[in-house]
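Here is a short report on one protein model. Keep the sequence and the 3D view open as you read.

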Amino acid sequence: MLPKAEKRYPRNFIAMTLYQSLMQIGWVFKTESVVISRFVTSLTSHPLLISALPILSRLPQSFAQFWFLDAVDRAPRKTPLLIGATAVFTAAWGLIAAALLFGVNLSDGGLLALFFLLYAVSWTGFGVERVVNRVMTAKLIPVQRRGRVFAIGNSVGRFSSLASAGLIASLMSRADSFRADFSLLFGCAFLFFLLSLTGQIFF
C-alpha cells in the first residue's frame, strides 16, 4: 500500500466497495451461463456458434491481460487506465443494447455477428480492467482489509441483484418481443456498469 493512500483509505474503501457492488448488480443482467446462452440460442442453433461463447470470453480476456501488463506497469497513473478499460467494457454492452433496440433491419445472422464482435471487445476491456484493478487494490487497500472490500462489495451487489431475478426470468421467457426484452436486459447491465465508473473516479 502506498503511504499517501493510507490517509485516503476511508474514501478509497467506500469507492472500491461501491464499484464492486454496482459491477455485481450489472453482471447479473448478462450472466454467461443463463442470459447470454439464452440470447445466443435464440438466434442460432448451430453448435459451433454456440460453443464460440466461452472462447470469446476467455481468449480476449487472457490476451488483454498479457498484452497490457507492461503498459499498466509503466503507467505513472493507473486510474485513467482503469477508467478507460471499464469504459470500453461498458460501451460494448451499451452498443449491444442499442443494436437490439434500433437495428430493426439487422438479420439474426448480422445481429449475432455484431454481438460476437462486441462481446469479444467487452472481455478485452474487462481483461485490462482486471490487471489494473489488482494493481490499484494493492496500492490503495491494506492487505488485512482487502478481504473486507470484496466481501462487502460482492455481498451487497449479489444480494441486491436477487431482486432482479424475477424481471430477468420474465423477459427471457417472452418470445414475442425478443429483441426489445434483451435490449432492456443488456441496457440494465450497461447502466450499472456506467454507474460503477463513479466509484473508480474517486480512487
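## Ground rules

Buried means under 20% relative accessible area, exposed means over 50%, and partly exposed lies in between (1.4 Å probe, protein chains only). Asp108, with a relative accessible area of 38%, is therefore partly exposed. The areas come from the Shrake-Rupley method with a 1.4 Å probe, and for residues only the protein chains shown count as cover.

This is a predicted model: local features need pLDDT of at least 70, side-chain atom pairs count only at pLDDT 80 or more, and totals for chains, interfaces and linings use all residues. Residues are numbered from 1 along each chain as its sequence is written, and side-chain values use heavy atoms, with hydrogens and water left out.

Helices (H or I, at least four residues) and strands (E, at least two) are DSSP runs, numbered from the N terminus.

## Salt bridges

How many salt bridges does a search of the whole structure find? The count is 3. A salt bridge here is a side-chain nitrogen of Lys or Arg within 4 Å of a carboxyl oxygen of Asp or Glu.

One of them joins Asp108 to Arg179, with the closest N and O atoms 3.0 Å apart. Asp108 lies in helix α7 and Arg179 in helix α10 (residues 178–201), so this pair ties together parts that are 71 residues apart in sequence. Arg179 is buried, at 18% relative accessible area.

Lys30 and Glu32 meet through their side chains in another salt bridge (2.6 Å, N to O). Lys30 is buried, with 0% relative accessibility. Glu32 is partly exposed, at 24%. Glu129 and Arg130 also form a salt bridge, and their closest N and O atoms are 2.7 Å apart. Glu129 counts as buried, with 1% relative accessibility.

## The second largest pocket

Rolling a probe the size of a water molecule over the atoms shows where empty space is left. The search uses a 1 Å grid over the protein atoms alone. A pocket is an open set of points where a 1.4 Å probe fits, with protein on both sides within 12 Å along at least five of seven lines. Lining residues have an atom within 4 Å of a point. Grid points are joined across faces, edges and corners, and a volume is the space filled by probe spheres set on the points.

The second largest pocket has a volume of about 250 Å³. It is lined by 12 residues, and the closest to its centre are Met23, Gln24, Trp27, Asn154 and Arg158. Two or more lining residues come from each of α2 (9–28), α7 (108–140) and α8 (143–161). Helix α2 gives the largest share, 6 residues.

The lining divides into 6 nonpolar, 4 polar and 2 charged residues. Nonpolar covers Ala, Val, Leu, Ile, Met, Phe, Trp, Tyr, Cys and Pro; charged covers Asp, Glu, Lys and Arg; the others, Gly among them, are polar.

## A nonpolar patch

Which residues make a nonpolar surface patch of about 690 Å²? They are Ile55, Leu59, Phe63, Phe66, Trp67 and Phe68. Patches use residues with over 30% relative accessible area and no salt bridge; like charges are joined within 9 Å, and nonpolar side chains (Val, Leu, Ile, Met, Phe, Trp, Tyr) within 5 Å.

Trp67 sits in helix α5 (residues 52–74). Its relative accessible area is 58%, so Trp67 is exposed. Gln61 is also found in α5. Is Gln61 buried or exposed? Gln61 is buried, at 16%.

## Sequence and space

Now compare separation along the chain with separation in space. Gln61 and Gly125 are 64 residues apart in sequence, and their C-alpha atoms are 7.5 Å apart. Leu191, in helix α10, is partly exposed at 44%. From Leu191 to Leu22 is 169 residues in sequence and 9.4 Å in space, C-alpha to C-alpha.

Val40 belongs to helix α3 (residues 32–43). Val40 is buried, with a relative accessible area of 0%. Val40 and Leu22 are 18 residues apart in sequence, and 25 Å separates their C-alpha atoms.

Asp176 lies in the loop between α9 (165–172) and α10. Asp176 counts as exposed, at 71% relative accessibility. Asp176 and Thr44 are 132 residues apart in sequence and 17 Å apart in space, C-alpha to C-alpha.
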